[in-house]
Structures are given as structure tokens and as C-alpha cells.
Amino acid sequence: MGAMWETLFAAIGFLTVAILELRAVVFIWRHFLSPSASLSKYKGSWAVVTGASSGIGAGLSRALAARGVNVALIARGKGEKLEAVAAECKALGVQTAVLPFDFATADDEQYAALARMLSELHPSILVNNVGVNVDFPTHFSQMEDADMERIVTVNVSAANKMTRMLLPGMVESKKGIVLFMSSSAGSFAPGPLLGPYTASKAYMDQLAIAISGEVARDGVTVHSVAPFFVESAMAKMRRSFTVPDADTFARATLRMIGGPTRMSPYWPHGIMAAVLGVLPMKMQVKYVADLHEGLRKRAIRKRDRLAKQR
Ligand SMILES: NC(=O)c1ccc[n+]([C@@H]2O[C@H](COP(=O)([O-])OP(=O)(O)OC[C@H]3O[C@@H](n4cnc5c(N)ncnc54)[C@H](OP(=O)(O)O)[C@@H]3O)[C@@H](O)[C@H]2O)c1
């Protein structure tokens, strides 16, 4: 009997180590050794990027332009920010289109007008990047209705509508890439004090995974891109080893196209996701709740200090 248990434990130990080693090999291959995804067949075709005027959207627009893909940039104002990103992309030798559009307020007619404009470009890449959040972590019961509605309209409905607008053309031409900007929140980590935002990102993640299974045979690649912090106006985090700038993050994202359907392409984020994956959910929830309570207190102190200075 003793010998049988010993053999069983040895087999379990062996299997566990083998699985961990395999995961490590796959991780190293994906992030460092595999050749970068080739986007050569998309050279000269159009990508549509929502929320393209800053942060990750701007980074992805520049990264696509650097690969020879024309970019249609969408954000609210035609103001300087969007034009500045367009100028950076143009300088990389591609065509650009600047399309001011407010996903929070757009009605059916405005969406139809956008669809007409985009249909002339026959886009073969869509980056569903636009996203908003509350200013700082807030308990669900204290959240404003308007904030919750804005999160659903901008983070969820915009991706639904843009994807329904552009996916059929990609399926017809048997060529396309759709990226859904989800988040570690909702894909790898829970989001106490950021419930509606986290839920909207989980929606993006699951929608991407579902659609990927519907169009894989039509030559369309779909990914849920799930970063931890990336330097941006929304993240309000300074650049560091675990917080890349948007351009670094964007290059890592394009490199991994065609890889795992749900990807966390910046490698330190990949390690963070793997570590979180083995922690019990209760522990994760407590950790994030404490973290967000701290961020909330700091944000409120800052807000009050600024109010006094006025
Ligand atoms: N940064 C991170 O750490 C992080 C982590 C995980 C996931 N994400 C996700 O990545 C995406 C990009 O985030 P980011 O950090 O790069 O944010 P960001 O710098 O705040 O950029 C958001 C973009 O969306 C545009 N936008 C906002 N509201 C809009 C509206 N109503 N209509 C049209 N455009 C609108 C903004 O431009 P205008 O203000 O000019 O309209 C801007 O171009 C989001 O979906 C976010 O959830 C970010």
C-alpha cells in the first residue's frame, strides 16, 4: 500500500513539474522566441482604431502605421490630440482618416453616417479600444447612475456596434483582425470598487472569445487583449517595469497577433496573470479591495487638496 501511495505522489509531482515546465517553455516561446506576427497582407489596407487620440489607442495606431497599415482614427474631438496622432502616423508613410465621434452620445443616425464613411475604406482591422472608467475606485452603492451608463455605452455598446459594422466585410473578404481591449480586470483579476468597469471588460473578453470561434474559418483573427497597467491618462500610473508606455505595449500586442485568443502581450503582465491564476479568488478579491480602498483614499485627499487651493 505504502509503495502505491509513494508511486502516486511521485507521479503527481512529476506531472505538476512537467506542466509548469511546459507552461514556462510556452511563455518564453510566445514572448521572446516566436517570430513576430506578419501583417504584410494588411499593408496598404485600413485599420479602424476607436479611442485613438491618446494612450493605448494612439500607441496601437502608431504601431499599425509602422507596419504599413493605413489608420482611421476615432475619438471625440477633431481637436489637436487626434490630429497629432494622425500626423505621427502619416510621418510613418501611411494614409490616415480623422473621424470625430462621441460613443457616449451617438445615435443610430450618427452610427449609420460613420458606417457609410468607413465602408469606403473597406477596413480589414478593427481595434475596439475606446473605454472609460470612474475617476477613482468607488463603492458600487455610491456610484452615479450616469457613470454606470456611460461605462456600458462606451465600453460595451460601442464595441458591439463597431464590430457588427465592420466584421461582415472582413468575413466576406476572408481577411481580418479584430482586437477587443479588455483588461486584466475581468480577465485575470477581480475588480472590487470598480465593478461596472471590470464587468464591462469581462464582457469584452468573453465577446472576443465567442466571436473568435465564429469567424476563425473565415480568415478573421479575434483577440481579447488584457493588459495590467499601461501608462495613460486613464491609468494615472507612472511608467515602470510593470507599467509600460503605450508604444511598447502596442508593439508587444501586434507581435502576438495570431497567438492566444486572450493575450496579455507585455511579458511582465504575462507573469502577473500566471501568478494571479494560482491564487484563490477570495485572496485576490481581498488584495484588490485593499489596494483600491487605498487608491480611493489617496484620490479623495488629492481632490480635496486641489479644491482648497482653488
Ligand atoms: N491604461 C491601462 O492601464 C489599461 C489597462 C487595462 C485596459 N485598458 C483599456 O484600454 C483602453 C484604452 O485605455 P487608455 O488607458 O489608453 O485610456 P485613455 O488614455 O484615457 O484613452 C481613451 C481614449 O478613448 C477616447 N474616448 C473617451 N471617451 C470617448 C467617447 N465618449 N467617444 C469617443 N472616444 C472617447 C479618448 O479620446 P477623447 O477624450 O479625445 O475622446 C482616448 O482617445 C480602454 O478600453 C481601457 O479600458 C487600459
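Modeller: Rings of Phe, Tyr and Trp (its six-membered ring) pair if their centres lie within 6.5 Å; planes under 30 degrees apart count as stacked, over 60 as edge-to-face and the rest as tilted. The model is predicted, so local features need pLDDT of at least 70 and side-chain atom pairs count only at pLDDT 80 or more, while totals for chains, interfaces and linings use all residues. Residues are numbered from 1 along each chain as its sequence is written, and side-chain values use heavy atoms, with hydrogens and water left out.

Biologist: How many aromatic pairs does a search of the whole structure find?

Modeller: The search finds 7 aromatic pairs. In one of them, the ring centres of Phe188 and Phe228 are 6.2 Å apart and the planes are at 5°, so the pair is stacked.

Biologist: Which parts of the chain does that pair link?

Modeller: The pair links distant parts, 40 residues apart. Phe188 is in the loop between α6 (184-187) and α7, and Phe228 is in the loop between β6 (220-225) and α8 (246-255). Helices (H or I, at least four residues) and strands (E, at least two) are DSSP runs, numbered from the N terminus.

Biologist: Now the ligand. Which residues come nearest?

Modeller: Ser53, Arg76, Asn129, Tyr197 and Ser232 come nearest, out of 31 residues around the ligand (a heavy atom within 4 Å).

Biologist: What is 2.5 Å from the side chain of Ser232?

Modeller: An oxygen atom of the ligand is 2.5 Å from an N or O atom in that side chain. For Ser54, a side-chain N or O atom is 3.1 Å from a ligand oxygen. A ligand nitrogen is 3.0 Å from a polar backbone atom of Phe103.

Biologist: Which helices supply at least two residues of the shell?

Modeller: α2 (55-66) and α7 (195-215) each do.

Key:
Polar contact = N/O pair within 3.5 Å; in protein donor to acceptor, adjacent residues only side chain to side chain.
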